[in-house]
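Colleague: I have just opened this one and would like a short tour. Could you walk me through it?

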Amino acid sequence: MSNAKSYIESVKDTIQRRDPNQTEFQEAAFTVLDTLEPVLDKHPEYIKANLLERLVEPERAIQFRVPWQSDDGQFHVNRGFRVQFNSAIGPYKGGLRLHPSVSLDVVKFLGFEQVLKNSLTGLPIGGAKGGSDFNPKGKSDSEVMRFCQSFMTELQRHIGPDLDVPAGDIGVGGREIGFLFGAYKRLNGYQNGVLTGKGLTFGGSLARPEATGFGLLYYTHAMLKALGDTLTNKKIKVSGAGNVATYAIQKATEYGATVITCSDSDGYVYDPNGIDFKLVKQIKEVERGRIKEYAQRVETAEYHDGSVWDFDINYDIALPCATQNEISKDQAKLIAKDRVKYVCEGANMPSVPDAIATYRDNNIYYGPAKAANAGGVAVSALEMSQNSERLSWSFETVDNRLHDIMDNIFEISEAADKEYQLNQDYQAGANIAGFEKVAQTMMAQGLV
């Protein structure tokens, strides 16, 4: 066993000993660590400095209670979290998630991924993540407002424009960001750079809602172009029906592809003529309805309960845009059976490790989440720049910057793949490209 490999195994053992029940964090950390052996062979000074153990331990993990009152007068208590993982290359940056599944384990895995994702953007932002096990679905605007105000009463102690800048994630859209910003402003005065994903009337950026979905397609386009292919006339299966999926469908359609599915937690719709992203947006964002309503309004569409990844039909590209661990090993086998050539991830870690191995075993090109879905945080960082300048850029300016960033993410991942002779393993390439920038900075800053 090489010195680098034995060091990686020792760090993994430490994680298991310290956090034996944090399975999702272990999955995220181990997946990255297992790809870093060639870098450590080249840079033994990282081993001497015990850099990996410092990398996988958050700089700060904050947990707090969030009491709030529902419209019927009942009092409730949820848990709030903010894990500030790494600030080597800039202030902490990462979303807030409101979902019953949120736990310290989930927030740590997301924060760890965010460190490398943010590094890949080339922008000066560190990694963090936060949220609560509060479920905004079915809640009134007043209930969501009261929860957000209580949540921010504690969170505001730990964030700031040059310290930690949260954004949205699952369950946190424009409504929630507005309530959170209002609560922060009341306690600290107007500082428009403290949150991103804001409304356009108080410091938000054009192209922010579209950013993750558009960015996913810019990355996918760059991958296909490098492999001598194109999105034109491709059939694409998309999961999810939120911001990421909706705008991924829009941009894929603009590239000349046909998106045949989208989904929510109940089931999925299939439309061989192509999903109408405008209708999906109306149902999910405006009416806050369920995706089954799409099939009730479109004659050529059909609705099915269950996971879209159990739907057996030939297509070319898979774009998982729903949530973590949505694709199992068996579902990955079905993806291979359906003759899929490319999988690019719009959600955070949607493929379990065995699914990723299945992609590789079946020669499916794979674009990992930390690279392919970095468009959201990239435009969040561009929103921070606009806030600092007290200026608002045009949609075209932001979109062009986003396109350049996503192209560059693929290019530096591909360059790392070639440098370390990884045989078109873009996951390992992205891990290495993101890690090298953070590692160099951590070494330069000393033992902090």
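Predicted model: local features only at pLDDT ≥ 70, side-chain atom pairs only at ≥ 80, totals over all residues.

Colleague: Which residues of α7 and α8 make the contact?

Modeller: On the α7 side they include Val-144, Met-145, Cys-148 and Phe-151, and on the α8 side they include Phe-179, Leu-180, Ala-183 and Tyr-184.

Colleague: At what angle do the axes of α7 and α8 cross?

Modeller: The axes of α7, residues 141-155, and α8, residues 174-188, cross at roughly 45° and come within 8 Å, and the two helices are therefore oblique to each other.

Colleague: Switching topic, where does UniProt place the "binding site" feature?

Modeller: The unreviewed UniProt entry puts it at Lys-93, Gln-114, Lys-117, Gly-168 and Ser-380.

Colleague: Take Gln-114 then, is it buried or exposed?

Modeller: Gln-114 has a relative accessible area of 3%, and because anything under 20% counts as buried, Gln-114 is buried. It lies in helix α6, which spans residues 104-120, and among the residues Gln-114 touches beyond four places away in sequence are Lys-93, Gly-127 and Val-377.

Colleague: And Ser-380, which helix is it found in, and what does it touch?

Modeller: Ser-380 is found in helix α16, residues 375-389, and counts as buried at 1% relative accessibility. Leaving aside residues up to four places away in sequence, Ser-380 touches Lys-93, Ala-167, Thr-196 and Arg-208.

Colleague: What joins the side chains of Ser-380 and Arg-208?

Modeller: The side chains of Ser-380 and Arg-208 are joined by a polar contact of 3.1 Å.

Methods:
Residues numbered from 1 in each chain as written. Heavy atoms only, no water. UniProt positions renumbered as here; feature names shortened; annotations may be inferred. Helix = DSSP H or I, 4+ residues; strand = E, 2+ residues; numbered from the N terminus. Buried < 20%, exposed > 50% of the residue type's maximum accessible area, 1.4 Å probe, protein only. Contact = heavy atoms within 4.5 Å. Polar contact = N/O pair within 3.5 Å; in protein donor to acceptor, adjacent residues only side chain to side chain. Axes fitted to C-alpha atoms, helices over the stretch in contact; angles between N-to-C directions. Parallel < 35°, antiparallel > 145°, perpendicular 65-115°, else oblique.
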